[in-house]
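Here's a quick walk through the ligand site and the nonpolar packing of this protein. Have a look at the model first, then read on.

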Amino acid sequence: MYAQMVKSEKAIGGPELETFQARIDAGEKIEPKDWMPAGYRKTLIRQISQHAHSEIVGQLPEGNWITRAPTLERKAILLAKVQDEAGHGLYLYCAAETLGVSRDKLTEMLLDGRMKYSSIFNYPTLTWADMGAIGWLVDGAAIMNQVPLQRTSFGPYARAMVRICKEESFHQRQGFDIMMKMAQGSASQKRMAQDALDRFWGPSLMMFGPPDTESVHTEQSMKWQIKMNSNDELRQKFVDQTVPQADYLGLTIPDENLRLNKKTGHYEFSEPDWNEFFEVLGGNGPCNSERLAARNKAWDDGKWVRDGMMEHARKKATKESEVSE
Ligand code: BYC
């Protein structure tokens, strides 16, 4: 359906499409009221809302550890981080709404499983070291993907990304700080840190999406500058950045094939388990049903608040219209 839509627009071509592409190639921002191809709008809605949903669902694995943080300071930091993720979700839903879709509709599509969120959040957080691994690796991967998106062609998305990236870099540092503390701690703390790295390494590589050869959207999205890099380019950058950090921590990346290719200056590494990735995308990851159940419960439990707010707004509007008459 998506491919068909894009194809028919290409077939139609025409001056509008050419002018649109020329604006993008010249680095101009596309704003919500500007003309845009239906496929561009649809791709943005899909990507921005998948990103927004990821921020919201992403609160769950870390939220799981707020009550069990080892110190008051760590608890305050984790609480602030999880709140930041909620804020990121809100900026992104607002950016998506400028494209003519309502936040309620997007939420409905997340809750009934029609829309995706990042695969990474379907893995459990088993120990406190996982808070370190998530900050270091998951936020690290997110930054790698999102820094270039500050230059994406759609204005509201690019602007939302500026603030998100600032906060994500704080998140990444707090994760690295936890890992450093654990890696330099007792033998059992170091084991916990290594175990968290072992479990989160593969899923973090999967965050960048399938290999370029299997990516459905990359080619068109890069042409429209909705994506600035391909999945494999960003995955490579992430590995190149992260391996020296693991060395610094004294931890071992769980990949026997990992080696620096001196000629290219890049690390060679094993592909993650792509069968597992597609299983997780299909709803069969370790925590998919738990995550969706938690979001559905939150939505149902919040109904009385939404109803109360709507009623309050309705009464206020009625009163104001009576006064103005
Ligand atoms: N998980 O053609 P492709 C965060 C889907 S970080 C789930 O390459 P695209 C956070 C893809 O949607 C995470 N689904 O797609 C961090 C497509 O399916 P549909 C969020 C995935 O869109 C820390 C299909 O596979 N970040 O929020 O060109 C704390 C084919 O893939 C995944 C973003 O969303 C995945 N890992 O590229 C808290 C960044 N990978 O839609 C929160 C913005 C692929 O056709 N998004 N799929 O049914 C992007 O940059 C791109 O959407 C992706 C995928 C790189 C993720």
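Which atom of the ligand does a polar side-chain atom of Asn231 lie 2.8 Å from? An oxygen atom. Keep in mind that this is a predicted model, so to speak a computed picture of the site.

The side chain of Lys227 brings an N or O atom to 2.7 Å from a ligand oxygen, while Met206 uses a backbone N or O atom, 3.3 Å from a ligand nitrogen. Side by side:

| Residue | Atom on the protein | Atom on the ligand | Distance |
|---|---|---|---|
| Lys227 | side-chain N or O | oxygen | 2.7 Å |
| Asn231 | polar side-chain atom | oxygen | 2.8 Å |
| Met206 | backbone N or O | nitrogen | 3.3 Å |

On its own the ligand exposes 1000 Å², and the protein buries 92% of that. There are 30 residues around the ligand, and the ones that come nearest are Gln50, Lys116, Ser215, His217 and Lys227.

Now for the packing. In soluble globular proteins, nonpolar side chains tend to be buried together. Here the largest nonpolar core counts 48 residues, with Trp128, Trp136, Leu137, Phe200, Trp201, Phe238 and Val239 making the most contacts inside it. Helices H5, H7, H8, H9, H11 and H12 each give two or more residues to this core, and H7 gives the most, with 9.

Take Trp128 as an example: beyond its close sequence neighbours, its contacts include Trp65, Pro70, Arg74, Ile178 and Met192. Another core, of 26 residues, lies apart from the largest one, and Ala96, Leu99, Met115 and Met161 are among its members.

Terms used: Residues numbered from 1 in each chain as written. Predicted model: local features only at pLDDT ≥ 70, side-chain atom pairs only at ≥ 80, totals over all residues. Heavy atoms only, no water. Core = buried A, V, L, I, M, F, W, Y, C linked by side-chain atoms within 4.5 Å. Buried < 20%, exposed > 50% of the residue type's maximum accessible area, 1.4 Å probe, protein only. Helix = DSSP H or I, 4+ residues; strand = E, 2+ residues; numbered from the N terminus. Contact = heavy atoms within 4.5 Å. Near = heavy atom within 4 Å. Polar contact = N/O pair within 3.5 Å; in protein donor to acceptor, adjacent residues only side chain to side chain. Areas by Shrake-Rupley, 256 points an atom, 1.4 Å probe, with all protein chains shown as cover. Lists of a residue's contacts leave out its neighbours within four places in sequence.
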